[in-house]
Amino acid sequence: MEAHQLALSLPATPAAASQARHQAVDAIAGWDAGLGTEVVHTAELLVSELVTYAVQYAGTGSVSLAVCLDEAVLRIEVCDTSPVLPQPALPDADNEGGRGLFLVAALADRYHAEPTVTGKRCWAEIDLTSKPSQEVACFSPLQRS
């Protein structure tokens, strides 16, 4: 399987998650990589939750999304301009929100958030094989290493 990549820069608006979700699903389907619907639906939810979280903290900055597929891993990265790292906490049962990071943790095989020079990067990976996989190098337009 060849490597594939999608990179988007989005304004930090409420519409960003929807736009990112649709473009990511269209790209993944267009890669014709034989991914099952479960993987595509999981990726769609991970994109939505990570972008939504980034929009909450990006202020007037932009949010970048990178989706990378190699033989063993589908990796989703979202960068924003806020240095505030996610702090998972138990959501209040009466609140409608606050469950996004729990969904990411439950659905991804690996996830993490790390500071960058311009803010932070939150990423999640889905293993595509049963064998251990290597980390995929995938950098978004906002991050320059």
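1. Thr 81 is placed in the loop that runs between strand 3 and helix 3. With a relative accessible area of 35%, Thr 81 is partly exposed; here buried means under 20% relative accessible area, exposed over 50%, and partly exposed in between (1.4 Å probe, protein chains only). The C-alpha atom of Thr 81 is 7.8 Å from that of Tyr 57, although 24 residues separate the two along the chain. Helices (H or I, at least four residues) and strands (E, at least two) are DSSP runs, numbered from the N terminus.

2. On the basis of the note: this is a predicted model, in which local features need pLDDT of at least 70 and side-chain atom pairs count only at pLDDT 80 or more, while totals for chains, interfaces and linings use all residues. Residues are numbered from 1 along each chain as its sequence is written, and side-chain values use heavy atoms, with hydrogens and water left out.

3. Strand 1 shows an alternating pattern of side chains. Strand 1 pairs with strand 2 in the antiparallel sense over eight bridges; two strands count as paired if DSSP finds at least two bridges between them. Within strand 2, the residue opposite Gln 5 is Cys 68.

4. Which residues of the largest nonpolar core touch the most other members? They are Val 51, Leu 65, Val 67 and Leu 74, in a core of 35 residues. A nonpolar core is a set of buried Ala, Val, Leu, Ile, Met, Phe, Trp, Tyr and Cys residues joined through side-chain atoms within 4.5 Å. At least two residues of this core come from each of strand 1 (4-11), helix 1 (16-30), helix 2 (37-58), strand 2 (62-69), strand 3 and strand 5 (119-127). Helix 2 gives the most, with 10 residues. In soluble globular proteins, nonpolar side chains tend to be buried together.

5. The whole structure holds seven salt bridges, a salt bridge being a side-chain nitrogen of Lys or Arg within 4 Å of a carboxyl oxygen of Asp or Glu. Side chains of opposite charge can pair when their charged atoms come close. One of these bridges joins Arg 75 and Glu 77, with their closest N and O atoms 2.8 Å apart. Arg 75 belongs to strand 3 (residues 73-80). Arg 75 counts as buried because its relative accessibility is 2%, and Glu 77 is likewise buried at 2%.

6. Is Glu 125 buried or exposed? Glu 125, a residue of strand 5, is buried, with a relative accessible area of 0%. The side chain of Glu 125 makes a polar contact of 2.7 Å with that of Arg 75. A polar contact is a pair of N or O atoms within 3.5 Å; within protein, one must be able to donate a hydrogen and the other to accept it, and residues adjacent in sequence count only if both atoms are side-chain atoms.

7. Arg 110 and Glu 125 form a salt bridge of 2.6 Å, N to O. Arg 110 lies in strand 4 (residues 110-116) and Glu 125 in strand 5, so this pair ties together parts that are 15 residues apart in sequence. A further salt bridge, at 2.8 Å from N to O, joins Arg 110 to Asp 127. Asp 127 also lies in strand 5, and the pair therefore links parts 17 residues apart in sequence. Arg 110 is partly exposed, at 28% relative accessible area, as is Asp 127, at 24%. Through shared partners, salt bridges join Arg 75, Glu 77, Arg 110, Glu 114, Arg 121, Glu 125 and Asp 127 into one network.

8. Finally, the surface. Leu 45, Leu 103 and Leu 107 make a nonpolar patch of about 200 Å². Patches are made of residues with over 30% relative accessible area and no salt bridge, with like charges joined within 9 Å and nonpolar side chains (Val, Leu, Ile, Met, Phe, Trp, Tyr) within 5 Å. Accessible areas come from the Shrake-Rupley method with a 1.4 Å probe, and for residues only the protein chains shown count as cover. Leu 107 lies in helix 3 (residues 100-107) and counts as partly exposed, at 32% relative accessibility.
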